There are 6 protein chains.
Amino acid sequence: MAVTRIGNRKIDEIRKTEIITNFLRHPLGSVLIKVGNTRVICSASVEERVPHWMRKQNVKGGWLTAEYGMLPSSTNERFRREATGGKQGGRTVEIQRLIGRALRAAVDLKKLDGITISLDCDVIDADGGTRCASITGACVALQLAVEKLLKQGKLKSSPIIQSLAAVSVGIKDGTPILDLNYEEDSTAEVDMNIIMTESGEFVEIQGTAEGNTFSESQLHDMLKLGRKGTEELFKIQKSILNQN
Amino acid sequence: MAVTRIGNRKIDEIRKTEIITNFLRHPLGSVLIKVGNTRVICSASVEERVPHWMRKQNVKGGWLTAEYGMLPSSTNERFRREATGGKQGGRTVEIQRLIGRALRAAVDLKKLDGITISLDCDVIDADGGTRCASITGACVALQLAVEKLLKQGKLKSSPIIQSLAAVSVGIKDGTPILDLNYEEDSTAEVDMNIIMTESGEFVEIQGTAEGNTFSESQLHDMLKLGRKGTEELFKIQKSILNQN
Amino acid sequence: MAVTRIGNRKIDEIRKTEIITNFLRHPLGSVLIKVGNTRVICSASVEERVPHWMRKQNVKGGWLTAEYGMLPSSTNERFRREATGGKQGGRTVEIQRLIGRALRAAVDLKKLDGITISLDCDVIDADGGTRCASITGACVALQLAVEKLLKQGKLKSSPIIQSLAAVSVGIKDGTPILDLNYEEDSTAEVDMNIIMTESGEFVEIQGTAEGNTFSESQLHDMLKLGRKGTEELFKIQKSILNQN
Amino acid sequence: MAVTRIGNRKIDEIRKTEIITNFLRHPLGSVLIKVGNTRVICSASVEERVPHWMRKQNVKGGWLTAEYGMLPSSTNERFRREATGGKQGGRTVEIQRLIGRALRAAVDLKKLDGITISLDCDVIDADGGTRCASITGACVALQLAVEKLLKQGKLKSSPIIQSLAAVSVGIKDGTPILDLNYEEDSTAEVDMNIIMTESGEFVEIQGTAEGNTFSESQLHDMLKLGRKGTEELFKIQKSILNQN
Amino acid sequence: MAVTRIGNRKIDEIRKTEIITNFLRHPLGSVLIKVGNTRVICSASVEERVPHWMRKQNVKGGWLTAEYGMLPSSTNERFRREATGGKQGGRTVEIQRLIGRALRAAVDLKKLDGITISLDCDVIDADGGTRCASITGACVALQLAVEKLLKQGKLKSSPIIQSLAAVSVGIKDGTPILDLNYEEDSTAEVDMNIIMTESGEFVEIQGTAEGNTFSESQLHDMLKLGRKGTEELFKIQKSILNQN
Amino acid sequence: MAVTRIGNRKIDEIRKTEIITNFLRHPLGSVLIKVGNTRVICSASVEERVPHWMRKQNVKGGWLTAEYGMLPSSTNERFRREATGGKQGGRTVEIQRLIGRALRAAVDLKKLDGITISLDCDVIDADGGTRCASITGACVALQLAVEKLLKQGKLKSSPIIQSLAAVSVGIKDGTPILDLNYEEDSTAEVDMNIIMTESGEFVEIQGTAEGNTFSESQLHDMLKLGRKGTEELFKIQKSILNQN
């Protein structure tokens, strides 16, 4: 069955993606990333101390962590403010753990000596793919912050190993498609998030078939789409960082 | 002692204020309000049911409530995410109660029959005056939402009684000044938030002299500045709503 | 329209106010304050250390903070115990922040060197004006505690700058009235809390017109009543402290 | 070894006990009970509905429950406010469960048809024996509330089966003593709380030897003292209720 | 009225009790205790540091504490997981305080120098008497852990003073019975938990007559049954520890 | 580099796996699954009602959900009890969401009409692979519960679509290995959890390279191992269910 996408987007085409750097005034690095109608503010804040557990266990180097949130007005039906409810929901916790874990693959923590970088990803408009947009955007915010730390002399050499990008892929009506928006995501049979490095290695893959299953050949089709999508995202990241 | 302000701003001059309407995709009404370097996303979400206590007590009409938050990266030193900490801080609670209470003076709740409007004010950049910017912006978001409810036929007549605007005033080095930025606010002797109606009445005034006091004549000077400031804000609100 | 008050109280007359000193056995200073039917236990407990943030930021001097609570049986309909519910309600947080902020204007924190004073205001009977009664009573408890600290040699000179008193004023049926009880407060158009110093300066004013507005001339009428009310409260405070 | 008690109190002598009825304005029944320096406000509030679990399981009759709290300023060293900490401590939970369980033995729940009685025991001054004072006082508050419910016609017949009283006993320096104050309690080898009915039956006994043990003959000595103590408390309860 | 028990158990007969030692891989001491159909995993974990309050108050020796939990699937109707609900229920708190308090009577805390022992009692199958089974089992786990600490040279002499065992007794249809299962417990008039030492002294007794009362002679009958029950449990403990 | 495994296990060999059915007394289905030294109690409890959100949105069918926990004594260093801490940790939330999501692929929710199945996975001994063992075990518990529901006539036809099994694979010292124990897992470069159906389709794959990356060919090697591992687990499941 042929899949028709909004605006005649091809099945292997990512949405229009834009990254505005230095979007916020206070954090050392920040961007606004737009992926189609999804918009996320990603920032990298720097603190010159490491978490309690590192000091206690005498672990050398620095740390990188992430938090994720959605504005109550970012979703179609108003999303209950988590600060009011008294805790972060399960989905939020799962996503912010993924972002932090992924981004730690982008840096050599040993070179972050004595420094903690907090990545905050706050969704202001949600239309699918917010966790992937968060990772792609946070990676740019991280690089902007590291550049400033190098200029300020707070880091001697760059801890950045490589850039990361993330994209979602899925199977909808039996067809593998790239970069699902909310409407596609909520009706797809399979949803997979693929996080890759510039050199084409995997950092994390998470494939879920809520109430369904997928075959090895479908997995391969999705991985191929993911590779294509992240390659395009790396071009956008590069072009933005060169302008900066 | 003469007070020198950033950019040679006069003591009775408000900061450059800009309101971008329909900033978000999902809520019925939304704006991005910029007051100098302070930026707040204000939205009005609509739900066609009233709170439990109204149903239980059989109160007629509708309801309007507000929530306030700051992005962790909106402040100079990263602000601990309240959802992670498990509760809203005291300052947050105090501010969102003020916003809700104030905006309820702008509407005739009886005409909001069966409808609850949630105003979300989320600060993305903080440089002083966030609660006043939230009120001034939320009032526009509210009016945009009401216009749509009227068009959709969900409201028969407008519940809006009048527009509101809010501005902070203070005493710094003995001089009354209008619309304090963060640096001014943190060193002022007195800080007062003034919320007024277009017709020049007060909705709420909150004057605080943390560790200090103020005289009746200083109070009058501040009220006069507040009146001038809100008059200018009403012009900006009107011009934006006419363009819409 | 003429306003008739319970017991033929005049519109500019405060309720019968009584302050019983040393009401509790353990804290250094304590009172039971009765304002009409409202009764609040106010205490000042002393700890010879300062909060973590002062030590961390190396701030000199001492600190003063306040907490407020209502017994579940202090209100007409039983008030849900906040300890059971797992958090303090928004109104409670707002009130205790006000009490602490106000009372810090009564002391020179630098002279409280190394000492934290905790003011606890626990309402045992509520009939309107509990936050004002708390401030007026806590100020006496504070002075009793300071006297003992001076006698014990733990303070070299008194940190008390001046006494404070607080009273509520409002507009009911268009008439400004002084010191509203619960029934008056719940039907008034405007409610204002005025906190003043013995020398007639303002420490904080909070005027709220839930769903209404008020004019500048009404504000002046209310301020005048507030001044009269606090002057009478200062006489009662003085007379009690002289007896002590 | 002979035990010397404050004020030459005998080893089988209870402290001076006083019960002031109708201490609070709002709840249907209330007392202030003083046992030596311990003071507790006990109240009985009435709600004309039963808990969710009773409605769900279709259990007939009514319910009686209890909550216990200590004012932060009731103890020698200030007691952290449980509402601020976000939960009731283990000791508080244990005590309020005991109070509720005990008082349910005083009433025939079937006759409380459709009614829930909440007993609030709030300690304003703590000097040992607060849980026993709470039970003895709450039982009077309960009887006052029931009398009013009978007068109001909300109950057809009294659900009160019998009055209860509670007293602590202990072993100090090998000697069994009655009604321990805080100083005695904190140095005793064994501490036992005895709750009895007017007719001399036990409702609950809790004997604890924190880090010690006690023999059967010591147990008998303590039970004997407990019986003597509660008999005297019943006389005080009776005399107060007759005056009422 | 004669009481008939499942499997023709006599009124003074304990259920079949079995203790499997070293049930878990990680903690220093552990058992699975089975008392009829009740099964509890008890473990003793060792940490070479003492609680904050001991360090702060400079208390010598070590500490022993306990926690209790029930698997959601251990009860007839699924028991809501307390970690999900956000807090331990009142019954859980009450029980774990009892276990810790009791077990502290089994050890000389001064000899536990610098060591904290955590006893975890996790019920996997509940059929009445879980708190007593927890205490009887935890006492064995404690002794196993202490033996290893002695072998490891971390303790110079054994802190164990004596073994403890606990059993429930009750009055059902007017007859005193020993070691109640769930069905008996939920219909008994009186329920008493008796914790004893090998030498026949009491550590704690808790007798409760939810909605009923009991006489002194019934108390004596129950104490006698409790003594018989714990004597049998001590034999089982001894035999197990000798095999170990 | 050659990888040497404990007990000379081959790189493509799963640990000794054993499933004991009907391990608990109360839930409709339950097992104890042992995978090497890892032991998890899995149970399936049945409630004849569906969650609030299904009733509200009028969704037909039933629901299946999962919760995961670890006994404090299940890990090498004692694991802080989550019920005491007041919330489930991020890792726990992530795992229980995975278990629930996966198992929903094993059933046709429409056929579970009006029924909610809660799967509880409680780890009593942790030595790596607890989430995979939970899924493999929970799937058996689920099937046992469904068999009973069919026998009881509460389900007309089986909602089971297929059995699931899960196994972890990883890259250690550059070599792909199957079914990692804790020591292997904590030093592996890549860790992947693979959840498959009996028919060889994927339900979920989660591959993580904490601080590392992996290539497409490594991914293929891991998928191959995962397929081999789950095939063996399906044989064990089948054999157990046939015996039952």
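This is a predicted model: local features need pLDDT of at least 70, side-chain atom pairs count only at pLDDT 80 or more; totals for chains, interfaces and linings use all residues.
**Exercise 1. Determine which rotation and shift superpose chain E on chain D.**

Solution. Two copies of a chain are related by a rotation about an axis and a shift along it. Within chain E, the C-alpha nearest the axis belongs to Q206(E), 2.2 Å from it. Both copies use the same surface, since 100% of the contact residues of chain E recur in chain D (contact: heavy atoms within 4.5 Å).

Residues are numbered from 1 along each chain as its sequence is written, and chains are lettered from A in the order in which they are written. Local features need pLDDT of at least 70, side-chain atom pairs count only at pLDDT 80 or more, totals for chains, interfaces and linings use all residues, and side-chain values use heavy atoms, without hydrogens and water.

**Exercise 2. Locate N193(D) and state whether N193(D) is buried or exposed.**

Solution. N193(D) lies in strand β8 (residues 190-197) of chain D (strands: DSSP runs of E, at least two residues, numbered from the N terminus). Its relative accessibility is 8%, so N193(D) counts as buried (under 20% relative accessible area; exposed is over 50%, partly exposed in between, with a 1.4 Å probe and protein chains only). Leaving out residues up to four places away in sequence, N193(D) touches several residues, including R131(D), C132(D), E204(D) and Q206(D).

Technical notes:
Copies are superposed by least squares on the C-alpha atoms of residues with pLDDT of at least 70 in both. Helices (H or I, at least four residues) and strands (E, at least two) are DSSP runs, numbered from the N terminus.
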